[in-house]
Protein chains: 4
Amino acid sequence: LIRTYEPNLVQYPLIGIDDDEFQTFKKLITKQEVRAVTLSKLQLQDDLVMWDIGAGSCSVSIEASNLMPNGRIFAVERNPQSVGFIHENLKKFCTRNVKLVEALAPDGLDELPDPDRVFIGGAGGHLEEIIDAIDKRLRPDGLIVLNAVTLDTLAKAVEFLEDHGYTVEATCVNISKTRRLTEYKMFEAQNPVYIITAGKGKGLE
Amino acid sequence: LIRTYEPNLVQYPLIGIDDDEFQTFKKLITKQEVRAVTLSKLQLQDDLVMWDIGAGSCSVSIEASNLMPNGRIFAVERNPQSVGFIHENLKKFCTRNVKLVEALAPDGLDELPDPDRVFIGGAGGHLEEIIDAIDKRLRPDGLIVLNAVTLDTLAKAVEFLEDHGYTVEATCVNISKTRRLTEYKMFEAQNPVYIITAGKGKGLE
Amino acid sequence: LIRTYEPNLVQYPLIGIDDDEFQTFKKLITKQEVRAVTLSKLQLQDDLVMWDIGAGSCSVSIEASNLMPNGRIFAVERNPQSVGFIHENLKKFCTRNVKLVEALAPDGLDELPDPDRVFIGGAGGHLEEIIDAIDKRLRPDGLIVLNAVTLDTLAKAVEFLEDHGYTVEATCVNISKTRRLTEYKMFEAQNPVYIITAGKGKGLE
Amino acid sequence: LIRTYEPNLVQYPLIGIDDDEFQTFKKLITKQEVRAVTLSKLQLQDDLVMWDIGAGSCSVSIEASNLMPNGRIFAVERNPQSVGFIHENLKKFCTRNVKLVEALAPDGLDELPDPDRVFIGGAGGHLEEIIDAIDKRLRPDGLIVLNAVTLDTLAKAVEFLEDHGYTVEATCVNISKTRRLTEYKMFEAQNPVYIITAGKGKGLE
């Protein structure tokens, strides 16, 4: 039996993949709408190098890969269950240019090529070390995007990034939506996510 | 081989282009964050046919074009000032597969190929006729996405779409963000936008 | 005369009573923050007559009673379980000027004095009849405040009220808050509530 | 000429006074909806002592006074223009138990009676000193409520309060509303306000 390569674009959109299509650990995922805003903040261009730190389900890397077929994306994640789900998700969505790095950042970053873009979805308690490590490696005009759901992470990330000389913008995304196929359209809220964008180049001035 | 124009990807991201980069009529534009969510709701795949009705500055079409280099996008807009800005924007971002249709929809739709995706950014008071016209032409598994900023449009769009047999989801997007380079990071709110997604196929069930 | 129980103001605030202090049916309650905005929209003055239609746990009436010790408040509710909880709540908070009317509105309204203020927390599928009934009885400069959590109720309420000649304002309240005594302060969102305020008098012009 | 006492309740509600009714400096005011939530977080009971630090237009104190006719409220404000507006507002709303203290806090607090409640609407760059001063004077089961519109104030206030042993809750209030008497009901957003509530007593556990 020969199974030729099944292109994913027949079935899945480039961005906006339904959350339920991803295998996730404890339903932790950057949700569809926040993922889209995150990708827009990442200012992706084809052929960039991107690090995805605390990749979780890898949903951001998978959609970033669809935008950057010639990019090189490195998903750093250590949780064994998440790692298993990442393998399944990369296969399901036929993602070819995301490389999984099984490590707890900042471990594992040394071997990677210098990044143009870094997305931090989770810092596993090592936020300052991670920002230190990124700062030494980020290319000129590079960007760091970090999603925070707690006040603690929001405040610390902004502080660390500004201490390292970054210009920082924080965007709070509040989404509520109705469920399909219910008789009454009740707006159900998602918890707010704070998307922090940081850079040193002119793009953020 | 002489290549005359500079490829846009050197300068601009695929999605998330800064709002200020677009020429706009009365600053009316689908803002960066809402544009990203809108694109994710459009469930774009390369090579689709998309109509952009009430295109305004054409910002949604321009980023959709970056996602669908083999797609065919038709931007329908009649306001003469917007039309002038669209020409400038398409040129600036080197957008090659967006065709401008100078008309007040539903006028101008007859000559277009059947759409897989329709984005309605503005209906110019003809919402019901536009939905009628789309419904006759939308391909199987096609999707309609409409952005509403008034309760009137939100309520009518949902009513018309459901009357035509569509399954409808409404997503309210509330964005607030800090400005860069200010001493204090004050969150400034954008007005909420209601993104309505409608389809008849299995994708929305 | 022996007065046995302790007055409530020793223990409870006038407004802002913790949600958990109320007995509720299926946790349905106008939450603390939305209750406060609702009371502010009701524009209460001491000695007014207020109807609370679909009173639920009676939380809005109980706090309104604290603001209007000389007011007369009529809480209309038919659900037997809610009725039981209302009795308990009125007793717990020592509320003296809220009268419970066990009926499904518009039933039960005929015997009540004409209202200066009407709060509609739930319409039980009879929204149009209820607005009809209120409109015949509302005093000059009276106000109707209605809380909607579904698009259907929001749209219909605005339509019915405008058809009856009311000036209408809709306020969307989005609340997210951190939990006390957790290590990390994560903002958790409440579903948005649309507070509709309607009047015919000069107050809303 | 005899001017008998003109009761304010004939004209104005207890809470929810329209923002435009207040004289304000640079339109700075705690807006109607946020004021209501702030008052609910203050957990007011009649006869309490409340400090209002950085009183601005005094709108919070004026409505608190309507809730606590037997309370004693001290509005601390130094900006001369605000002070002028406070005098006008206190007169307009016939507020009898708000005493204006012309000082830049923590100056001026020493002479005041110990507070049961403190509202901080503005700290004028002295947040840490103000919290220090309050902490020495706040009565058992007292509460501090602080409204922040910048990330800096939000983060610092939470940090200082927790360092002083307080249990802290942060509530983010996002309001959008339609304007009355417009043809289309467009939701216009207010900037989000973070209401911080802090106490040491059992009320916040």
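Is P13(A) buried or exposed? With a relative accessibility of 4%, P13(A) counts as buried, where buried means under 20% relative accessible area, exposed over 50% and partly exposed in between (1.4 Å probe, protein chains only).

## About the model

This is a predicted model, in which local features need pLDDT of at least 70 and side-chain atom pairs count only at pLDDT 80 or more, while totals for chains, interfaces and linings use all residues. Residues are numbered from 1 along each chain as its sequence is written, chains are lettered from A in the order in which they are written, and side-chain values use heavy atoms, with hydrogens and water left out.

## The surroundings of P13(A)

P13(A) lies in the segment before helix 1 (32-41) of chain A. Helices (H or I, at least four residues) and strands (E, at least two) are DSSP runs, numbered from the N terminus. Leaving aside residues up to four places away in sequence, P13(A) touches N66(A) and, in chain B, Q43(B), L44(B) and Q45(B); contact means heavy atoms within 4.5 Å.

## Helix 3 of chain A

At the N-terminal end, N79(A) caps the helix, with a side-chain oxygen 2.9 Å from the backbone nitrogen of Q81(A). Just after helix 3, C94(A) has a positive phi of about 55 degrees.

## Where chains A and B meet

The contact involves 43 residues from chain A and 43 residues from chain B. Together the two chains bury about 3600 Å², with 57% of it on carbon and sulfur atoms; buried area is the accessible area (1.4 Å probe) that two parts lose on being put together, summed over both.

Across this interface there are 4 salt bridges, each a side-chain nitrogen of Lys or Arg within 4 Å of a carboxyl oxygen of Asp or Glu. K185(A) forms a salt bridge with E162(B), and their closest N and O atoms are 2.5 Å apart. Strand 6 of chain A gives the most to the side of chain A that touches chain B, with 11 residues.

Note on methods: A polar contact is a pair of N or O atoms within 3.5 Å; within protein, one must be able to donate a hydrogen and the other to accept it, and residues adjacent in sequence count only if both atoms are side-chain atoms.
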